[in-house]
Amino acid sequence: MASNERKMIDNALKKVVIPFLRQQGFKGSLPHFRRINEKNIDLITFQFNKWGGSFVVELAVCPMQGVTMDWGEQIPPNKVTAHDIDKRFRLGAKSEDEDGIWFNFENAKNVEDFEKVALNVVNLLNISDRLWISKLFN
């Protein structure tokens, strides 16, 4: 993939998605975001296809104290990412076992096309409900 396409989607995500995440209390920077709730930490990670042209959005929750990896490493609350959690849910999936939506920007030609892809992410994030990510795992 041309690095220009990746820069364009990153810019679109920064313009469209990240302000929305910030409004909903998320902190972090691309590709990892976290929001501390009363009982857990919501985690959102953007995982880009290594061959380019698309990405998925992974959602997870972890305890308030962060997470301890199987080998004993402690990941603190301000560093934990969705990739540190075994149980993850991909945006657009109906269950943890489904692949979720791969947001494709391969055919995007201009700024507006990239921003449409980013807007599709926002439209699927129900994060104004602070329990939404937790409910996905019940």
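Trainee: What share of the 138 residues is buried?
Mentor: In this predicted model, buried residues make up 43% of the 138.

Trainee: Switching topic: how many helices and strands am I looking at?
Mentor: You've got 3 helices and 8 strands. Starting from the N terminus, the order is α-β-β-β-β-β-β-β-β-α-α.

Trainee: And how compact is the protein for that length?
Mentor: Its radius of gyration is 15 Å, close to the 14 Å the globule rule gives for 138 residues, so the protein is as compact as a globular protein of that length. Along the principal axes, the C-alpha atoms fill a box of roughly 45 × 30 × 25 Å.

Trainee: Among contacts between residues at least 6 apart in sequence, what share joins residues at least 24 apart?
Mentor: That comes to 55%.

Trainee: Let's zoom in. Where does Arg 35 lie?
Mentor: Arg 35 is in strand E2, which covers residues 32–36.

Trainee: Is Arg 35 buried or exposed?
Mentor: Buried: its relative accessibility is 1%, and the cut-off for buried is under 20%.

Trainee: Then which backbone oxygen does the side chain of Arg 35 reach?
Mentor: One is that of Gln 24, at 2.9 Å. The backbone oxygen of Ile 127 also lies 2.9 Å from a polar atom of the Arg 35 side chain.

Trainee: Which residues is Arg 35 in contact with, leaving aside neighbours within four places in sequence?
Mentor: Gln 24 and Ile 127 are on that list, and among the others are Phe 26, Asn 40, Asp 42, Asp 129 and Arg 130.

Trainee: Next one: which strand holds Leu 43?
Mentor: Leu 43 belongs to strand E3, residues 41–48. With 0% relative accessibility, Leu 43 counts as buried.

Trainee: What does Leu 43 touch, not counting residues up to four places away in sequence?
Mentor: Its contacts include Phe 33, Leu 59, Val 61, Cys 62, Val 80, Ile 85 and Ile 133.

Trainee: And how far apart are the C-alpha atoms of Leu 43 and Phe 26?
Mentor: They're separated by 8.7 Å, with the two residues 17 apart along the chain.

Key
Residues are numbered from 1 along each chain as its sequence is written. This is a predicted model: local features need pLDDT of at least 70, side-chain atom pairs count only at pLDDT 80 or more; totals for chains, interfaces and linings use all residues. Side-chain values use heavy atoms; hydrogens and water are left out. Helices (H or I, at least four residues) and strands (E, at least two) are DSSP runs, numbered from the N terminus. The radius of gyration is taken over C-alpha atoms; the globule rule is 2.2 Å times the number of residues to the power 0.38. Buried means under 20% relative accessible area, exposed over 50%, partly exposed in between (1.4 Å probe, protein chains only). Contact means heavy atoms within 4.5 Å. A polar contact is a pair of N or O atoms within 3.5 Å; within protein, one must be able to donate a hydrogen and the other to accept it, and residues adjacent in sequence count only if both atoms are side-chain atoms.
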